[in-house]
Protein chains: 2
Amino acid sequence: MPYKDFSALNATTRLAELAGIPYDLTRPDALNVDRFKTLKSSACGFDLLFATERLDEAVLDALQELADEAKLVEQFMAMKRGAVLNRIEGYAGEERQVLHTASRDVFTEEPQAPEATTKAKQELEKLRLFLDDLAQGRLVNAKGESFTTLVQVGIGGSDLGPRAISLALQAYTLPGREARFIANVDPDDTAAVLAGLDLSRSLFVIVSKSGTTLETLTNEELVRSALTQAGLEPKQHLLAVTGEGGPMDDTGRYLASFYMYDYIGGRYSATSMVGAVTLGFTLGYGALMEFLRGAWEMDVVGEKVDIRSNLPLLMALIGIWNRNFLGCPTCAILPYSQALSRFPAHLQQCDMESNGKSVTRQGRAVDWKTGPIIWGEPGTNGQHAFYQLIHQGTEIIPAEFIGFRRNQRGLDIEVSKTTSQEKLVVNMLAQSLALAQGKEDDNPARRFPGNRPNLVLIAEQLTPCQMGALLALYEHRIAFQGFCWNINSFDQEGVQLGKVLATKLLHIVAHSGTKGQGATVATSVEEVLLEQAGILR
Amino acid sequence: MPYKDFSALNATTRLAELAGIPYDLTRPDALNVDRFKTLKSSACGFDLLFATERLDEAVLDALQELADEAKLVEQFMAMKRGAVLNRIEGYAGEERQVLHTASRDVFTEEPQAPEATTKAKQELEKLRLFLDDLAQGRLVNAKGESFTTLVQVGIGGSDLGPRAISLALQAYTLPGREARFIANVDPDDTAAVLAGLDLSRSLFVIVSKSGTTLETLTNEELVRSALTQAGLEPKQHLLAVTGEGGPMDDTGRYLASFYMYDYIGGRYSATSMVGAVTLGFTLGYGALMEFLRGAWEMDVVGEKVDIRSNLPLLMALIGIWNRNFLGCPTCAILPYSQALSRFPAHLQQCDMESNGKSVTRQGRAVDWKTGPIIWGEPGTNGQHAFYQLIHQGTEIIPAEFIGFRRNQRGLDIEVSKTTSQEKLVVNMLAQSLALAQGKEDDNPARRFPGNRPNLVLIAEQLTPCQMGALLALYEHRIAFQGFCWNINSFDQEGVQLGKVLATKLLHIVAHSGTKGQGATVATSVEEVLLEQAGILR
């Protein structure tokens, strides 16, 4: 299908006109009952409240036109069916399908990409048997004890998503099980994690699609060395998640291997074996499947053509309105749920690595803004920190609040006639309103300009299924935006140059006469810098 | 002293001219040996390498003029000596001194603000005796056992700084000691922390200057209730850090009280008792004092008039160059040290709450940009995540790298002739260079535009003393920028409106007929929203 450039879409002209006079949220009756009722959309247990965005029916109509004209849902369907979307026309690239949705398209008799889903089912079945062996005591350590800890060793896509989701669902952990994570090549990261472990009862899952990720292989060596020093056989404690037939697909070195495939990008891999092994270990196979089911249900929602019923598409378009027409360079993700404390970091990766691009799918330079800077921390904590700038700073920051009506764990307390959970949710709503309406004051330091666009995403409870839906919601929001901007959201050429330079500098360090020992970088920073200046061009 | 508006400073005209043709880092010889040697500044163990910023000698001269004309060092000295800088002329406000530096001005016979430093010394002495009682076994639990865990209960400034620093220095923890943190009003946050504790051997330090912070008081109740249910006497496990004579200064309810003062803002309070109690517990009094000494040494550096010797001032001015003249809305803090993983979150608070303002110290609206959006995550993790956008996205993101030549813990491993620590530092330098120089390529998707401004801050090792210096470096960077922008960096009026609205909404929830029980927010979100729409104006 021929892709149009974003700026060549007719709907963008109309949207640019409308952006001249965006909806004024500070007018006396701007936030009326009718608006709250109308600007609300629901799917998979989530209510999306967007009355506090600077838009109206005319903008929504134009956004629908934009979606139709850019064939966003058609592109989404092509993605799910296995089109080679990870490419730049006429130039060398990954040339891959984009099939993370296939990893959870296992709840229907008619999956969109049958071959990939068959493979996903095979891996899930391998995992089910593996988890069953652990649960039934058939797979134990050398002393016959059960394994209590699973440590995921990976970085980027092999770390952030699984870590964020694992933390989000910690309340549902099986008794006697826990997950830990090692990512950074910083040896202190590994040392800190290893220091807190009973190695004899720990499994390590090494995650690298290529089997060549520098950080992960280095940390694997640190882990192997620690196991050996503790008198344990590394092979009995290590699992691999890697590409079939790759360098890490080696039963001589790993207790078991689970496969990931080229057509699932790292940042979209949380529902593949990259996330499933750890989540299955801590939550059990049943809860893991609930998580996948939630994601799958949102995948189906993404097929709807009407933007008001298609939650990820609607959020994508609201984001484009704020980014391209109201000119906001960032977007804050503000979960009112401590369990989601690392979810913004996962989205930061997923969004910025996908849409931080300046070249179209035809290799032309874009003349419009693409992906914003994504950042955020949980509320209410953030209210006592950076919200000052969101309310009164000189940058407008679109905010996305995520909350739940019920908490995960039983503990709560009523103080001044409201529970903590009520305080949490009410604070979220209060912030949404405060940002939108603002407030006049005779004291200029107490004046709030308002018109700070934001939306609220709220569900009953953060369960495994709801987490799956939330993950897929954002995955597709990102993909829809990439389709609309006519960029390839699925490669990451921008990480290469740093790798190349690092390799050159490491060569200098490895062969320099001043090479130090152990944990010291003996070659001073300056020496390296000065030396490189001549050779790296 | 009469403050000038930023846009009224003569130096800004010159800087705006220079910004028309900023230094081009992508030219073949742009990053030469001479430049690396010249654009380097050192203090308190840190080397600041800023050859990879888009500036030259002419810009530095103009920035020196800006500093002189705006009397930045004079204002800094006034701050240290106790001037009432937390105010807006002619309008009601906090009307307070700004004396966080006094809390560490204890290493000289001639402190700048003697009265405040005397009080700081008194609290430090109280803390020393308290820690001694713990160490000598005079202060134990009901069973005569030592306390192993200190849980800090606070939010915002009473949480983020102490948490970040505690994590940064975890490698130096005394045997048998640990710190934990509870902040969010989300009851799941408290539940998750309490679930992992031996309550009988835990102390809780409740931190609130006013003694009225909603989240903290609510979490204190949850803690008290958990202690009581475990058959323990809450008073024997609770400490208070609060204002002298305030509602929490009550020996009937707390084992001990340590004081904080009005003239130390929450986000600048890490070197007061707000941070000292927890750091003293985990690190011991000696290491705590080393941390304070590092901060104090940087406080002294901040007095220098020459911007090339004054590290915080130089960083402030480079930030202003990027923000106001090169037009960058954000700034990324990228520590190559897993121990600093929460330091960006602390700076996000400290910077954005301080400088996210739109009103001058005379109550006029600013017509220039103030504080940027601060965000970041540790490298090398980020390289596998959001760096794609920093390299190839449509927004320019000034980056600040922070690294150390040696790691904290002994563990390291050599793979391919380099240690993990070497890989870590070399990756940081490679990113700095890659962002600056960019790279041409026939494949447009593999083209790197370069000219992405960044700096590197590097020291030998992240010790308590070095951490103190790093903290103070950023505190003063922020203060200098606030002085230059002629804003009050020390109030936070922007957090008020959300509080007011939350109180109103909570009143509705508390008195609504549909009031639920326990952990459920029975009044649906929409109901609350609709109801408020009529009454909150």
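**Group meeting talk: a predicted two-chain model**

Let me begin with chain A, which has 17 helices and 15 strands, where helices (H or I, at least four residues) and strands (E, at least two) are DSSP runs numbered from the N terminus. The radius of gyration of chain A is 24 Å, close to the 24 Å that the globule rule gives for 537 residues, so chain A is as compact as a globular protein of that length; the radius is taken over C-alpha atoms, and the rule is 2.2 Å times the number of residues to the power 0.38.

Residues are numbered from 1 along each chain as its sequence is written, chains are lettered from A and ligands numbered from 1 in the order in which they are written, and side-chain values use heavy atoms, with hydrogens and water left out.

Staying with chain A as a whole, its C-alpha trace spans about 70 × 65 × 55 Å along the principal axes. Of the 537 residues, 66% are buried, and by buried I mean under 20% relative accessible area, with exposed being over 50% and partly exposed in between (1.4 Å probe, protein chains only). If we take contacts between residues at least 6 apart in sequence, 74% of them join residues at least 24 apart, a contact being heavy atoms within 4.5 Å. The accessible surface of chain A comes to about 16900 Å², and 49% of that belongs to carbon and sulfur atoms; these areas come from the Shrake-Rupley method with a 1.4 Å probe, and for residues only the protein chains shown count as cover. As for charge, chain A carries 51 positive and 64 negative side chains, with the centres of the two sets 1 Å apart. Here Lys and Arg count as positive and Asp and Glu as negative, without His or the chain ends, and the place of a charge is NZ of Lys, CZ of Arg, CG of Asp or CD of Glu.

Now to the pair of chains. The same surface serves both copies, since 99% of the contact residues of chain A recur in chain B.

Leaving aside neighbours within four places in sequence, Gly498(B) is in contact with Ala430(A), Gln431(A) and Ala434(A).

Next, a helix inside chain A. Just after α4(A), Gly82(A) takes a positive phi of about 100°.

That brings me to backbone geometry. Most residues other than glycine have a negative phi, and most peptide bonds are trans. Against that background, Asn486(A) has a phi near 55°; this residue lies in the loop between α15 (464-485) and α16 (496-511) of chain A and is buried, with a relative accessible area of 0%. In chain B, Asn451(B) likewise has a positive phi of about 55° although it is not a glycine, lies in the loop between α14 (420-437) and β15 (454-459), and counts as buried at 14% relative accessibility.

Finally, which peptide bond in chain A is cis, with omega near 5°? The bond from Gly379(A) to Thr380(A) is, and Thr380(A) is found in the loop between β11 (373-375) and α13 (387-392). In chain B, the bond from Gly379(B) to Thr380(B) is cis, also with omega near 5°.

Terms used:
This is a predicted model: local features need pLDDT of at least 70, side-chain atom pairs count only at pLDDT 80 or more; totals for chains, interfaces and linings use all residues.
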